[in-house]
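I opened a notebook for this structure. These entries record what I looked up, in the order in which I took the topics.

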Amino acid sequence: MSAPARPSEGDAQVVAQRPEGGPASAPNPCTACGACCAAFRVDFHPAELAGGTFAWAGGVPRELTVPVAARLVRMRGTDAAPPRCAALSGEVGGAVACAIYDARPSPCREFDVHHDACARARKRHGLPPVGAA
Ligand code: SF4
Ligand code: SF4
């Protein structure tokens, strides 16, 4: 998810606070969801790739991406029909995880349950908004 802006269908977005365990008293809803990793394109600057100037941890493995333009790469699978990021493991709506969590790209780091797009992604997968009764 250039660091293309966030949540606007058709634009690169991401899943972000995703698969990260929360306090026992407040389970992270993302670890039992993953809908945003299977709903939006995730584009970012190639400097976040492994070996890049702005890579987190080891950087995003190139084999999990596809080139889009000189200054833009995309997580593989996120523009497929249906979309699903190649780094997502597990079943959407069940136990999920990001295989490159520490190195995930910026769009994923910026996206969280507070984005309107979170509810949209969950709805696409038949899930209620986070916090809904
Ligand atoms: S759609 Fe929302 S709840 Fe689901 S993984 Fe993404 S940010 Fe978390
Ligand atoms: S890199 Fe990880 S957090 Fe980002 S879309 Fe893919 S599975 Fe989700």
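Leaving aside its neighbours within four places in sequence, which residues is Ala35 in contact with? I found Val92, Ala121, Arg122, Arg124, His125 and Leu127. Contact here is defined by C-beta atoms, placed from the backbone, that lie within 7 Å of each other.

**Ground rules.** I noted that this is a predicted model, in which local features need pLDDT of at least 70, side-chain atom pairs count only at pLDDT 80 or more, and totals for chains, interfaces and linings use all residues. Residues are numbered from 1 along each chain as its sequence is written, and chains are lettered from A and ligands numbered from 1 in the order in which they are written.

**Overview.** I looked up the elements of the protein chain and found two helices and five strands. Helices (H or I, at least four residues) and strands (E, at least two) are DSSP runs, numbered from the N terminus. From the N terminus on, the order reads β-β-β-β-β-α-α. The protein chain has 133 residues, of which 40% count as buried. The term buried requires 20 or more other C-beta atoms within 10 Å of the residue's own, exposed means 12 or fewer, and partly exposed is in between, with C-beta atoms placed from the backbone.

I traced an open sheet of three strands in the order 1-3-2, with antiparallel pairing. Strand 1 (43–44) and strand 2 (65–69) stand at the edges with a single partner strand each, so one side of each has no neighbour in the sheet. Strands pair if DSSP finds at least two bridges between them. I recorded two bridges between strand 1 and strand 3 (residues 72–75), in the antiparallel sense. Asp43 stands opposite Arg74, and the bridge partner of Phe44 is Val73. Strand 2 and strand 3 run antiparallel and are joined by four bridges; Thr65 has Met75 as its bridge partner in strand 3. A hairpin of two residues leads from strand 2 to strand 3.

Is Pro46 buried or exposed? Pro46 counts as buried because it has 22 C-beta neighbours inside 10 Å. Leaving aside neighbours within four places in sequence, Pro46 is in contact with Gly52, Arg71 and Val73. Pro46 and Val73 are 27 residues apart in sequence and 5.8 Å apart in space, C-alpha to C-alpha. Ala57, in this loop as well, is exposed, with 11 other C-beta atoms within 10 Å. I noted a positive phi of about 50° for Ala57, which is not a glycine. Most residues other than glycine have a negative phi, and most peptide bonds are trans.

**A cis bond.** I found that the peptide bond from Ala81 to Pro82 is cis, with omega near 0°. Pro82 lies in the loop between strand 3 and strand 4 (88–90).

**Helix 2.** Which residues of helix 2 (residues 116–124) are buried? They are Ala117, Cys118, Ala121 and Arg122. Seen down the axis, the buried residues of helix 2 fall within an arc of 140°, so they line one face of the helix. That arc is taken over the directions from the helix axis to the C-beta atoms. Gly126 follows helix 2 and has a positive phi, near 75°.

**Core.** I listed 28 residues in the largest nonpolar core, and those that touch the most other members are Ala35, Cys36, Ala38, Cys85, Ala87, Leu88 and Ala121. Strand 3, strand 5 (96–98) and helix 2 each supply at least two residues of this core. Helix 2 gives the largest share, three residues. Such a core is a set of buried Ala, Val, Leu, Ile, Met, Phe, Trp, Tyr and Cys residues joined through C-beta atoms within 7 Å.

**Ligand 1.** I counted 15 residues around ligand 1, the closest being Cys30, Cys33, Ala35, Cys36 and Cys118. A residue is near the ligand if its C-beta atom, placed from the backbone, lies within 6 Å of it.

Note on methods: Two residues are in contact if their C-beta atoms, placed from the backbone, lie within 7 Å.
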